[in-house]
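Start with the structure below.

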Amino acid sequence: MRPIRLPEPPSGLMGMPEIFEGGVNVIRRAVVIGNGSAGSENQSLGLVRALGLSDKYSIHRVTRPRGGINEWLRWLPVSVHKVLDNLIRQLFGNSRLVMSLQGRKLVPFPVQNGAHVGLSSILEADAKKIASIARETFEKEGPLLIVASGRDTISVASSIKRLAPESVFVIQIQHPRSRLDRFDLVVTPRHDYYALTANGQQEIPRILRWCITPKEPPGRNVVLSMGALHQADSAALRIAATAWHDELAPLPKPLLIVNIGGPTNSELVIEVQTIIPLLVLEVKLGLLDFFHFVGPSIVLYWGWKGNCKYGSDLATQLVGSLQNVLASCGSVRISFSRRTPKKVSDIILQELSKHPKIYIWDGEDPNPHMGHLAWADAFVITADSISMLSEACSTGKPVYVIGGECCKWKFSVFHKTLRERGVIRPFTGLEDISDSWSYPPLNDAAEAAARTVSFVAAMSTSSFLPLNCKGHSDVQIVMEQSL
């Protein structure tokens, strides 16, 4: 049996960074603002882990009304969505109409908090309560780190910063699309700025170019990552290697892991200035607090199909390519994601489930994903998932991508960057899986953590101040020409 290979721990962030260890104005606790999406929360938790706060955080989630007409209202800001939901219930009560319009309500996800930081009893992400506790405990506990990811968390995270500017340090992961000065730090992939490039402009209909965000290159409080942040660091993979040893160690090598996602939609993000109907709603429905921090504009989201568009054709291609490389594989393990279309999984199951070398995870047993990352000798991943690719590329092991030709927009830029760095290769079915190759692993979470430490260190030299205070003009990150 060949020994498994795990990425080495980053040299600069062993244990807890010095800036987080002691003193009055240093960070010893964190709050993760989540939206219930595993992909978004995984990014926040990955950064918290990289900062050495993995046992000193709590999770608080933003929830939306769900079901019925609420599924059509998800493009609205969460504050507006909740107001409309309450208005419907107040006007119609518990009538049959309101039941059909609302559907079932979203039940908060179970919370798995870290060590107690004074906030573990708050399940809902309440900006006023979190800000109040941050102010009240600042003298004793120091500033509170807020890490948020995902569109629905933007208003909560920015509200906390507005309500307790000198008691919190707020990091927003994924581009918030407008007014980045609401946050101390924004961590976002380079490809989120693809709309500003010449190629990106050509792909946007001319009539819509004036309103596409982001509109400006990254400023001094923006950290650009290669891919998505995640929790699959060296320590987590070593734990997973031990936990999955009995199941995965005996498998014949090389072990090929196949992760199958699903087609994704493009998202058009438009910032609309001065919308008269919503300004009227502000008066009638009490949206003053919402518009206080958003200003005379609102960010709207529309989606259309086709960012990574594929179906049974890609499944058939994958089956053929896997059958071609089976001779060079000891074992193959296949996993589907929640986005995998049934027609895709059905083809895979029908064609490959009975092969003695192949195991297909049924989604019922414990999720082997972390074990797969630890024990794999090589990966085949569909091109649609930036998260799955980012995790696999953090191992330094061979990563083959299938379906890249089906992707457009920022996905194609992400793939191109990885190919140019020698991190991924296209999966053609002609590969010898036993022929291993390697590259410097991606380490976005550690790099973002290092940047966070430098920002906090600069701020803590005198007192804990908002990032946009004077004296920090030297901290600037410019958009790379590779965009």
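R333 and E247 form a salt bridge, with the closest N and O atoms 3.0 Å apart. This pair links distant parts of the chain: R333 sits in strand β10, E247 in helix α9 (residues 245–248), and 86 residues separate them. The model is predicted. R333 has 4% relative accessibility, below the 20% cut-off, so R333 counts as buried. E247 is partly exposed, with a relative accessible area of 37%.

The whole structure holds 10 salt bridges. The table lists some of them, including the pair above.

| Salt bridge | N to O distance |
|---|---|
| R333 – E247 | 3.0 Å |
| R64 – D152 | 2.7 Å |
| K56 – D55 | 3.6 Å |

Take R64 and D152, whose side chains meet at 2.7 Å, N to O. R64 lies in the loop between β2 (57–61) and α2 (78–92), and D152 in the loop between β3 (144–149) and α6 (154–163), so the pair ties together parts 88 residues apart in sequence. Both R64 and D152 are buried.

K56 pairs with D55. K56 is partly exposed at 29% relative accessibility. D55 is also partly exposed, at 42%.

Now the helix. Which residues of α13 (residues 342–352) are buried? They are V344, S345, I348 and L352. Viewed down the axis of α13, these buried residues fall within an arc of 95 degrees, so they line one face of the helix. K342 and Q350, on the other side of α13, are exposed. The cover over the buried residues of α13 includes β7 (255–260), α12 (312–325), β10 (331–336) and β11 (358–360). Strand β10 also carries R333.

How values were computed:
Residues are numbered from 1 along each chain as its sequence is written. This is a predicted model: local features need pLDDT of at least 70, side-chain atom pairs count only at pLDDT 80 or more; totals for chains, interfaces and linings use all residues. Side-chain values use heavy atoms; hydrogens and water are left out. Buried means under 20% relative accessible area, exposed over 50%, partly exposed in between (1.4 Å probe, protein chains only). Helices (H or I, at least four residues) and strands (E, at least two) are DSSP runs, numbered from the N terminus. The arc is that of the directions from the helix axis to the C-beta atoms. Contact means heavy atoms within 4.5 Å. A salt bridge is a side-chain nitrogen of Lys or Arg within 4 Å of a carboxyl oxygen of Asp or Glu.
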